[in-house]
Every structure is written in structure tokens, then in C-alpha cells.
Amino acid sequence: MRSQKLRKRTYSSAFRPRRRAFEPLESRQMLATFTVTSLLDNTTPDDGFTTLREAVLAANLNGDADTIQFASNLTGDLNLLSISDVGVGASALAVTSPITIQGNTNGITIRRDAAASEMRLFRITATGSLTLEMLTLANGVGRGTSGTAGTPNGGDGRGGAIFNQGSLL
């Protein structure tokens, strides 16, 4: 019998076998979706409803890009009653993170209540981004200061519905 010598296998670089290994993936984050179930303007905890004000506060706390959508059974006006931001004049809602607010096919109008103080509806900060879809905005007020002897033109009002320091789509 002839003895056979074992030869060492050689591979070209194109067909070299790979060592199996796991590669870590980049960080994955789930976007939150908040559903507005009430057209009231309050932040009453544990009442079983989610208002736009509660949803915006929760989305801002989250810090990631979030979507706020109105329940399909809602229709009509959401009357904003109170000021929650005074960073650049009075605003009902401050947006400090990326937020998309989606209305519905029934028609939703976000407005300043006629009995409320003068205020704009939204202020988007430098870290915020706001995308509005299928919504109407109404009755926001951004009144500048009155002119005086030295400055007859007065101060700027800085937006009636929205004052944007970030990104608005």
C-alpha cells in the first residue's frame, strides 16, 4: 500500500472560510405613539382619558421622536385654556422634542379658547420639531408690546399660532 501524505488545504482569498461570529447591532428604539382620547384641555391623572396636553408632555419627557394621534371617534374643537410655557411670550404648549401630531378624517381644530388669556398655541424650542397633519389651528395670539416714545413700533408678537425656534414641517 502506498502511503498518502495529507496535504494542507490552501484557499484563494476569495474562497477563504469565515469564522462565524455575532456582530452587535446599533441601538434600536421604538417610537412611542400617544392617542388623544379627549378634546378636554387638562392633565388629570388616572381619569381614563388622554388629552393633547398630556400627550405633548409625555412625548417631551420621552425625548425621542413620537407620534400623537387623535382617536378616530373625536371630532370638533380642542379649546386650549391655559398657558404652560412663557419662554418667549405666552404659549399653550411647548414642543421640546421631535413630535408629529396627526388629526383624523373627522376634522380636529386646535384653538385658543375665547375666554383664555392671549397666547399662541405652540412654541417649538431649538431641540424640538413639530409636524402637523390633518389639523386646523385657530385663534392663537402673539401680541407684541406697545410702542413708546423711544420705540414707536413696539415689540414683535412672535407668532400667533406657532413660534418656531426648531423645525416645523
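A residue is called buried here when its relative accessible area is under 20%, exposed when it is over 50%, and partly exposed in between, with a 1.4 Å probe and protein chains only. The model is predicted: local features need pLDDT of at least 70, side-chain atom pairs count only at pLDDT 80 or more, and totals for chains, interfaces and linings use all residues. Residues are numbered from 1 along each chain as its sequence is written, and side-chain values use heavy atoms, with hydrogens and water left out.

**The whole chain**

Begin with the entire protein in cartoon form. The protein has one helix and eleven strands; helices (H or I, at least four residues) and strands (E, at least two) are DSSP runs, numbered from the N terminus. Read from the N terminus, the order of elements is β-α-β-β-β-β-β-β-β-β-β-β. Of the 169 residues, 32% count as buried. The protein exposes about 11,400 Å², of which carbon and sulfur atoms supply 51%; accessible areas come from the Shrake-Rupley method with a 1.4 Å probe, and for residues only the protein chains shown count as cover. A contact means heavy atoms within 4.5 Å. Among contacts with a separation of 6 or more, 74% are between residues 24 or more positions apart.

**The helix**

Select residues 52-62, which form helix α1. Its buried residues are Leu52, Arg53, Glu54, Ala55, Val56, Ala59 and Asn60. The cover over these residues includes β1 (32-36), β2 (66-70), β3 (76-80), β4 (91-95), β5 (98-102) and β6 (108-112). Just after α1, select Gly63, which takes a positive phi of about 85°.

**The five-strand sheet**

An open sheet of five strands has the order β1-β2-β5-β8-β11, with parallel pairing; two strands pair if DSSP finds at least two bridges between them. Strands β1 and β11 (167-168) stand at the edges with a single partner strand each, so one side of each has no neighbour in the sheet. Between β1 and β2, which run parallel, there are five bridges. To locate one of these, select Thr35, whose bridge partner in β2 is Gln69. Helix α1 lies across β1, β2 and β5, running at about 170° to β2; axes are lines fitted to C-alpha atoms, for helices over the stretch in contact, and angles run from 0 to 180 degrees between N-to-C directions.

Select Ile68 in strand β2. Is Ile68 buried or exposed? Its relative accessibility is 0%, so Ile68 counts as buried. Leaving aside residues up to four places away in sequence, Ile68 touches Phe34, Val36, Leu52, Ala55, Val56, Ala59, Ile99, Thr100, Ile101 and Gln102. Thr33 lies 35 residues from Ile68 in sequence, yet the two C-alpha atoms are 5.7 Å apart.

Now widen the selection to the nonpolar core, a set of buried Ala, Val, Leu, Ile, Met, Phe, Trp, Tyr and Cys residues joined through side-chain atoms within 4.5 Å. The largest such core has 25 residues, and those touching the most other members are Leu52, Ile68, Phe70, Leu80, Ile99, Ile101 and Phe122. Two or more residues come from each of α1, β2, β3, β4, β5, β6 and β7 (120-124). Helix α1 gives the most, with four residues.

**The three-strand sheet**

Move to the open sheet of three strands in the order β4-β7-β10, where the pairing is parallel. The edge strands, β4 and β10 (162-164), each pair on one side only. Neighbouring strands of this sheet are turned by 20° against each other on average, direction ignored. Strands β4 and β7 pair over four bridges, and the bridge partner of Val95 in β7 is Ile124.

**Salt bridges**

Finally, show the charged side chains. A salt bridge is a side-chain nitrogen of Lys or Arg within 4 Å of a carboxyl oxygen of Asp or Glu, and by this rule there are three.

- Select Arg53 and Asp41: their closest N and O atoms are 2.6 Å apart. Arg53 lies in helix α1 and Asp41 in the loop between β1 and α1, so the pair ties together parts twelve residues apart in sequence. Both residues of the pair Arg53 and Asp41 are buried.
- Select Asp77 and Arg111, which meet at 3.1 Å, N to O. Asp77 lies in strand β3 and Arg111 in strand β6, so the pair ties together parts 34 residues apart in sequence. Asp77 is partly exposed, at 38% relative accessibility.
- Select Asp85 and Arg123, which meet at 2.6 Å, N to O. Asp85 is in the loop between β3 and β4, and Arg123 is in strand β7, 38 residues apart. Asp85 is buried at 10% relative accessibility, and Arg123 is buried at 11% relative accessible area.
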